[in-house]
Each structure stands twice: as C-alpha cells, then as structure tokens.
Amino acid sequence: AIASAELCGLAERALEISLDYLKTRVQFGKPIGSFQALQHRAVDLYIQKELAGAVLDQVLETLDRAPDAATRSGLASRLKARCSDAALRVTREAIQLHGAIGFTDDCDIGLYLKRALVLAAWLGNATQHRRRYVALSSVIVNGEWKSLATARHGTRFKNISHGITRKYTEKTLDKRKRKISVAFPMFPLLIIGSVFERSGRG
C-alpha cells in the first residue's frame with residue numbers, strides 16, 4: 001500500500017509539472033496548452049490520476065475493517081495494479097507533452113518516469129497483481145461467500161469456472177466467425193477494384 005500511495009503521488013506531481021509546462025511553453029505565438037489535442041491528453045491523464053486516488057482512498061478506508069488476510073491482500077493487489085497503470089501512463093505521457101526537453105537531464109520529469117518504472121515492477125507488476133486479485137476475489141459457494149483460494153478445490157467452483165470459461169470462449173469464437181464472414185467477401189471486390197483501376201490508368 002505504501003508503494004501504491006507513492007505511485008499515486010508521483011502521478012499527481014508529474015501531471016502538475018506537465019500542466020505548468022503546457023502553460024509556459026509557447027509555439028505559434030500561443031501557449032501549447034491552448035491546443036485542443038494536448039488538452040484532451042491532459043484530461044485523460046487527470047482521469048487516470050483521479051481513478052488511482054479514488055481507489056487509494058477506498059482501499060485505505062477498507063483495510064482496517066477487512067476481516068481476513070486474503071481480503072486485505074486482494075485489496076492491496078487491486079490498489080497496486082491501478083496505481084501502477086496510472087503512474088506509468090501519466091509519466092510516459094508527460095515525457096511526450098514536454099517534447100525533446102523531457103529526455104534531457106535538465107528536465108526533472110524523466111526522474112518521475114524512472115521512479116514509476118521501479119515502483120511499478122517492485123513486488124509484481126500490474127498484470128501480476130490483477131491475476132492475484134482475481135485469485136483472491138470472492139465467489140458464492142453453497143450459499144456462502146468464500147475466497148477463490150479457499151473454494152478452488154470445490155466441485156461447485158470448478159463447475160462455475162468451467163461454465164464461465166466455456167461461455168466466454170463460445171462468444172469470442174462466434175464474434176470472430178461473424179467478423180470473418182463479413183470481411184472475407186470484401187477481399188475479392190477490393191482485388192477486382194484495384195485491377196480495374198490499374199487497367200484504366202494504363
């Protein structure tokens with residue numbers, strides 16, 4: 001949770017530095033922060049920062065009231081995954097918003113990216129913690145809430161997980177078949193069109 005809190009604060013500070021730069025850097029006679037494309041990117045980063053902050057507040061509030069170690073571990077993994085993604089995206093985008101100067105030693109924004117890379121990989125990256133969170137999440141087994149780690153060997157849980165996996169796989173394959181059936185007839189038309197276009201030019 002401490003590393004996650006640092007990642008959240010790191011993303012917030014990196015965004016502040018980037019916004020200050022957008023307000024002071026002038027191009028084409030106006031601050032680059034007035035360009036709509038950069039404003040959209042800044043808003044996306046702000047949303048990521050706010051999401052990480054919201055999860056941090058919720059997890060810290062819930063940790064003291066969590067009944068068992070599995071629940072606390074799941075909350076910690078959820079927090080680490082969210083804060084890692086937010087910090088990495090904000091710091092990487094911040095480099096892009098700064099332009100070439102973001103890669104130089106004269107600009108501090110690169111230090112935030114390096115720190116985010118270290119903390120995001122420490123004790124497992126976001127993907128590993130998402131998998132861990134799923135493994136520690138709860139399901140209903142025989143009318144009771146149990147963690148997946150506890151219920152993993154139960155027959156009911158195996159049937160549930162198998163059914164979900166099979167249903168998801170069937171849906172995915174069905175969607176792919178429909179996409180292929182729609183897209184495939186277009187290939188001959190495209191080829192014929194290109195041939196006629198070339199013959200017309202000749």
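Colleague: Which helices do the buried residues of α2 pack against?

Modeller: The buried residues of α2 pack against α1 and α3. Contact here means heavy atoms within 4.5 Å. Before we go on, please note that this is a predicted model, where local features need pLDDT of at least 70 and side-chain atom pairs count only at pLDDT 80 or more, while totals for chains, interfaces and linings use all residues. Residues are numbered from 1 along each chain as its sequence is written, and side-chain values use heavy atoms, with hydrogens and water left out.

Colleague: What pattern does the protein follow along the sequence?

Modeller: The pattern is α-β-β-α-α-α-α-β-β-α-α-α, with eight helices and four strands. Helices (H or I, at least four residues) and strands (E, at least two) are DSSP runs, numbered from the N terminus.

Colleague: Why does K49 count as buried?

Modeller: Buried means under 20% relative accessible area, exposed means over 50%, and partly exposed lies in between (1.4 Å probe, protein chains only). K49 has 12% relative accessibility, so K49 counts as buried. This residue sits in helix α2, and, leaving aside neighbours within four places in sequence, K49 is in contact with A11, E12 and L15.

Colleague: What makes L10 buried?

Modeller: The relative accessible area of L10 is 7%, so L10 is buried. L10 belongs to helix α1. Apart from neighbours within four places in sequence, L10 is in contact with T91, Y112, R115 and A116. The C-alpha atoms of L10 and L88 are separated by 9.6 Å, although these residues are 78 residues apart along the chain. For the protein as a whole, 29% of the 202 residues count as buried.

Colleague: Why are α1 and α2 called roughly antiparallel?

Modeller: Axes are lines fitted to C-alpha atoms, for helices over the stretch in contact, and angles run from 0 to 180 degrees between N-to-C directions. Angles under 35 degrees count as roughly parallel, over 145 as roughly antiparallel, 65 to 115 as roughly perpendicular and the rest as oblique. The axes of α1 and α2 come within 10 Å and cross at roughly 160°. α1 and α2 are therefore roughly antiparallel to each other. By class, their contact has 12 nonpolar, one polar and two charged residues. Ala, Val, Leu, Ile, Met, Phe, Trp, Tyr, Cys and Pro count as nonpolar, Asp, Glu, Lys and Arg as charged, and the others, Gly among them, as polar.

Colleague: How do you know that α2 and α3 are roughly antiparallel?

Modeller: α2 and α3 pack at an angle of about 160°, with their axes 9 Å apart. α2 and α3 are therefore roughly antiparallel to each other. The residues of this contact divide into 14 nonpolar, four polar and seven charged.
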